[in-house]
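Here's a quick tour for anyone meeting this structure for the first time. Have a look at the sequence and the model, then read on.

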Amino acid sequence: MNGKVAKEDLDSRIFDTLNIVLLVICTVIIVVPLWNVIISSFSSGRALAEGGFIFWSPEFSLENYRAVFNDPGIWQAFFISVSKTTIGVVTHVFFCAMVGYGLSKKYIRGRKLYVAMGVITMFFSGGMIPTYLLIKSLGLLNSFWVYIIPALFSFYDVVILMNFFRNVPDSLEESAKIDGAGDWHIFLKIFIPLSMPAMATIALFNGVGQWNDFMTTKLYITDQSLYPLQMMLYEIIVQSQTQSMQNIGGSAVIETTTKGVQLATIVITTLPIVLIYPILQRYFISGMMLGAVKE
């Protein structure tokens, strides 16, 4: 008996050790490239040209970031990115919450038809050309609202919120109606506060998508005053590539390189999401589980 217990204890220790080793390996695989990108973004053109470093740069420089921030339109682009992400997240979450609240009620007429229509949109779409023609007919070309209105609705998010609302006890709604509360009052004062974990999860997903959205600008925007940060940084990278080509045959040492500017843009675009994610992380798991599991 003691030998069996000792064998089980040895197996458990081996299993725990393997888990720790695997965790360390995965951490190294993830952290080392990120650290190298950050260090390389602060490296001079000479150090990047020579290469050969991973954890520490032999020559630090801020010229890569100066090349990015010296562009006159960078702050306007940053304002557009923050504006479209903030407005887009708020309107998207609120609109999906309204639809999900309505579809969560079994007494709504045609609810199954609406759900079936929503599910179809999850698998099929009109395609790029019909979507472009629709955006053009709505007058959204070269408009800030092209970032907001087409992104208002996502049936995937509606399903999460709909299932979350179903878990709210009916007694809460019934007692509120007895006290004279209407549907809007119940929705805003009871369901919205109780659904914060699910809404924070959807806000995180949509916020990352809005912040990283690049194709909307490429397809529908030609006015540079409406360029978001990602599009402006793309323009900076293209300009830096042109300057690098012009510097060939010139001075052997340049302050910035195309690679350095690219790495600086990666850090700049990633930093806001990295800062916001820990704030919403505590809602992430609970929101996904509560909104996706149906008893």
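This is a predicted model: local features need pLDDT of at least 70, side-chain atom pairs count only at pLDDT 80 or more; totals for chains, interfaces and linings use all residues.

Residues are numbered from 1 along each chain as its sequence is written, and side-chain values use heavy atoms, leaving out hydrogens and water.

**Overall build**
- The protein chain has 13 helices and zero strands (DSSP runs numbered from the N terminus: H or I of at least four residues for helices, E of at least two for strands).
- Of its 295 residues, 36% are buried (under 20% relative accessible area, 1.4 Å probe, protein chains only).
- Take contacts (heavy atoms within 4.5 Å) between residues at least 6 apart in sequence: 73% of them join residues at least 24 apart.

**The cores**
- A nonpolar core is a set of buried Ala, Val, Leu, Ile, Met, Phe, Trp, Tyr and Cys residues joined through side-chain atoms within 4.5 Å.
- The largest one has 26 residues, and A97, L161, F165, I186, F187 and F191 have the most contacts inside it.
- Helix 4 (74-103), helix 7 (155-166), helix 9 (183-194) and helix 10 (196-212) each supply at least two of its residues, with helix 7 giving the most, seven.
- Apart from this core lies another, of 25 residues, including V146, Y147, M231 and V261.

Terms used:
Buried means under 20% relative accessible area, exposed over 50%, partly exposed in between (1.4 Å probe, protein chains only).
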